[in-house]
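Me: Please take me through this structure one feature at a time. I would like the general idea before the particular case.

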Amino acid sequence: STGVKSLHVFSVDNPLCRPADPRFVGYCLSKKADCGNKCVWKASPEEKVGVMAKKGGRPSVVEYSELDDARKTLRDSNGRLVFGAGNICNHFFSVDFLAEVVVPKMSTMFHLAHKKIPYAGEDGKPVKPESNNGVKLEAFIFDVFPMSSRIAILETFREEEFAPVKNAPGTASDSPDSARSMVNLLCRKWVEKAGGNIDGDANAVVEVSPLVSYAGEGLTERVAGKTISAPYHLE
């Protein structure tokens, strides 16, 4: 009734994510897809992310733990990983698909997962078990992919759109520190491409507000021929 026909959903803390990305949404619409997945290619066979593949003939996200070593390391004639379309939890769904296909089948989506579930002991104090002591029903948003009749997959550049924050500060990868560094590098690239110059510490953060530029466009009038000193926030 409100005229909404599709949704863009992202499920990972990622400062480089582009909400309602017109390129991704437009690509899915042009393919008449009922759902879509934006991916980045795996950096190495050991990278612990699920990948897009067919499972039982249906499009699916195959978890890292589900692939044997032969498939994890399999490469094509160009040396590229065959199972390399890494899932970054960046999805497109049509409202019709969710309402007419997914919702009626939601009761079939749950997986049994054995978990360590904290509980109250006999003295009323919380107990954190050291081994699995319970079962949870789980479902992931991408579990709906096998229900799709037409899925679209778009590969993008990791350095432009995927800076996940999963680990604690000080961790070498997927941490606030690594995400901050990726934001800095991308925004510096935008400024320099628009004709600006940057001085100061290379590790000092340069950030372009998303209210100023969505993906690096429209910066020429703001920075061309100018020198900015890092750290700097363009707003």
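Me: How far apart are the closest N and O atoms in the salt bridge between E161 and R23?
Reply: Side chains of opposite charge can pair when their charged atoms come close. The rule used here asks for a side-chain nitrogen of Lys or Arg within 4 Å of a carboxyl oxygen of Asp or Glu. In this predicted model, E161 and R23 form such a bridge, with their closest N and O atoms 2.7 Å apart. The pair links distant parts of the chain, E161 sitting in helix α4 and R23 in helix α1, 138 residues apart. Helices (H or I, at least four residues) and strands (E, at least two) are DSSP runs, numbered from the N terminus.

Me: Is E161 buried or exposed?
Reply: Buried means under 20% relative accessible area, exposed over 50%, and partly exposed in between (1.4 Å probe, protein chains only). E161 has 1% relative accessibility and therefore counts as buried. R23, at 43%, counts as partly exposed.

Me: What does the pair R18 and E160 tie together?
Reply: R18 and E160 form a salt bridge, the closest N and O atoms being 3.9 Å apart. R18 lies in the loop between β1 (6-10) and α1 (22-30) and E160 lies in helix α4, so the pair ties together parts that are 142 residues apart in sequence. Both R18 and E160 are buried. By the salt-bridge rule, the count comes to 12.

Me: How should I read helix α5, and which of its residues are buried?
Reply: An α-helix has 3.6 residues a turn, so residues three or four places apart point the same way. Helix α5 covers residues 176-193, has 18 residues and reaches 26 Å from its first C-alpha to its last, close to the 26 Å expected at 1.5 Å a residue. That expected span is 1.5 Å times one less than the number of residues. In α5 the buried residues are S178, A179, V183, N184, L186, C187, R188, W190 and V191. They pack against α4 (158-161), β11 (197-199), β12 (206-208), α6 (220-223) and β13 (227-229), where contact means heavy atoms within 4.5 Å. G195 follows α5 and has a positive phi, near 95 degrees.

Me: How many disulfides does the structure hold?
Reply: A disulfide is a pair of cysteine sulfur atoms within 2.5 Å. The structure holds zero. For C17, the nearest cysteine sulfur is that of C89, 11 Å away. C17 is buried, with a relative accessible area of 12%. For C28, the nearest is that of C35, 8.3 Å away, and C28 is buried at 0%.

Me: What is the mean pLDDT of the protein chain?
Reply: pLDDT is the predictor's confidence in each residue, from 0 to 100. The mean for the protein chain is 94, and 100% of its residues reach 70 or more. Local features need pLDDT of at least 70 and side-chain atom pairs count only at 80 or more, whereas totals for chains, interfaces and linings use all residues. Residues are numbered from 1 along each chain as its sequence is written, and side-chain values use heavy atoms, with hydrogens and water left out.
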